[in-house]
Structures are given as structure tokens and as C-alpha cells.
Amino acid sequence: MGASWKVLQLADSGFPTGGFAHSAGLEAAVQQGEVRGATELRRFVRELLWQAGHGALPLLSAAHREPTSLPALDARANAFLTSHVANRASRTQGRAFLDTCARIFPTPVAPLREAARADKLCFHHAPVFGAVLRALEVALPDAQALFLSLTLRGTLSAAVRLGIVGTHESHQLQHQATPLLDAVLEQCAALDVDALAQPSPLLDLLGSTHDRLYSRLFLS
């Protein structure tokens, strides 16, 4: 039962990992005119979740199954994320997640952080997330579901702050995305790192323009 409480704690919007500083490319998509309201936001969320399923879950799953492979998986993530914005965001989020968990759960996670520092990792988010959840004794299916849920929630929160939808509508969209989350999990949960893929390159292209936006609320 302890692992279930940990999942709830990690899912809490107050858990201080800094994830809400990122929009997963949504801010750039809005300023480029690709997302103007709820209809386009649904499309963006659908593409983003499939992107996470094919481009992040394999790394997360591999690190959860074999935490000692974290250095190799971190290097794989660094090579895979060719967009400098996405690469930087992944490193920033991964480091923040690991540091926060090491402070809050020092006994299981602090040794992982020290090993990662000694290996001079880039701290990419997906493999770090998998290794940390394994250290916290959270089952792999729960870790995968949590990652996708946080991806969705973070983007919808950004949509609210960007004025695309209101708070209630964002939660309606989150609820309506349940079948999509199930579909992504069903198709992507068992993928290994050799299946890493970029199913929506347009999201990557839009996100890569983030540093050139005239004004920015988010880091990515």
C-alpha cells in the first residue's frame, strides 16, 4: 500500500519538481497559430501523448526494469532528442525531479542521485523518472501511467495559463482523454528502446522555435 501513497504524492500538483515551468511546446504552437482553442488543444494533446508513448515510455520502462542501465539510457535519450529545446527541457526536468525526490525520499533515492552525479549524466527526464520510481518501489505500470498523466496535466495547466481554455474545461479535456491514455499505454507500455520513435515531428519543429518567441511564459 505504501507505493500507492507515493504515487498520489508524486501526482500532487504541489510536488515541487518545476514541471509547471514547461508547456511541452504548447506556447510555441499557440504563438505560431496552430492552437487557438479547445479543438486544436485536443489535437495537440493527442499528438503529445503519442509522442510521449513512443519517445519517452521505452526509456522510462528500460530504466525501471534495469536501473543500472541508466547511464546508457541517458546517453540514448541525449542522442534521440535532437531539438535543443526538447533536449534542454528533458535535462532540466530530469535533474529537478531527481533532486526533489532525493530530498523528500533520501534513503531510496539519494544513492541514485549520487551515482548519477558520479557518472556525469545529462539527467534526461524519462530514464531518470523510471529509475526513481523503481527505487521508490512503484510498479512499472503505475510509473508509466503516472508519467503520461503528468504529461497531460502539465500541458493542460499551461493551456489555462495561456488563456486557451478555462480551469473547468481543462479538467473536462483531461477526463475526456482517458480512452486516449489507455490506448497509448496499451500500445506503448511494452516497447523497448530499439522502438524509440518520433511520431509527430511537427510538435518537435514547433517546440524548437520556443527560444525565438517574442515573449515567453514558459521554459519550453
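1. Helices here are DSSP runs of H or I with at least four residues, numbered from the N terminus. The model is predicted: local features need pLDDT of at least 70, side-chain atom pairs count only at pLDDT 80 or more, and totals for chains, interfaces and linings use all residues. Residues are numbered from 1 along each chain as its sequence is written, and side-chain values use heavy atoms, with hydrogens and water left out.

2. H7 itself has 13 residues and reaches 17 Å from its first C-alpha to its last, close to the 18 Å expected at 1.5 Å a residue (1.5 Å times one less than the number of residues).

3. Val109, Ala110, Leu112, Arg113 and Ala116 of H7 are buried (under 20% relative accessible area, 1.4 Å probe, protein chains only). Seen down the axis of H7, these buried residues fall within an arc of 165 degrees, so they line one face of the helix; the arc is that of the directions from the helix axis to the C-beta atoms. On the other side of H7, Thr107, Pro111 and Ala118 are exposed (over 50%).

4. The cover over the buried residues of H7 includes helix H5 (70–80), helix H6 (84–104) and helix H8 (125–135).

5. Arg113 lies in H7 (residues 106–118) and is buried, with a relative accessible area of 13%. Leaving aside its neighbours within four places in sequence, Arg113 is in contact with Leu98, Asp99 and Ala102 (heavy atoms within 4.5 Å).

Notes:
Helices (H or I, at least four residues) and strands (E, at least two) are DSSP runs, numbered from the N terminus.
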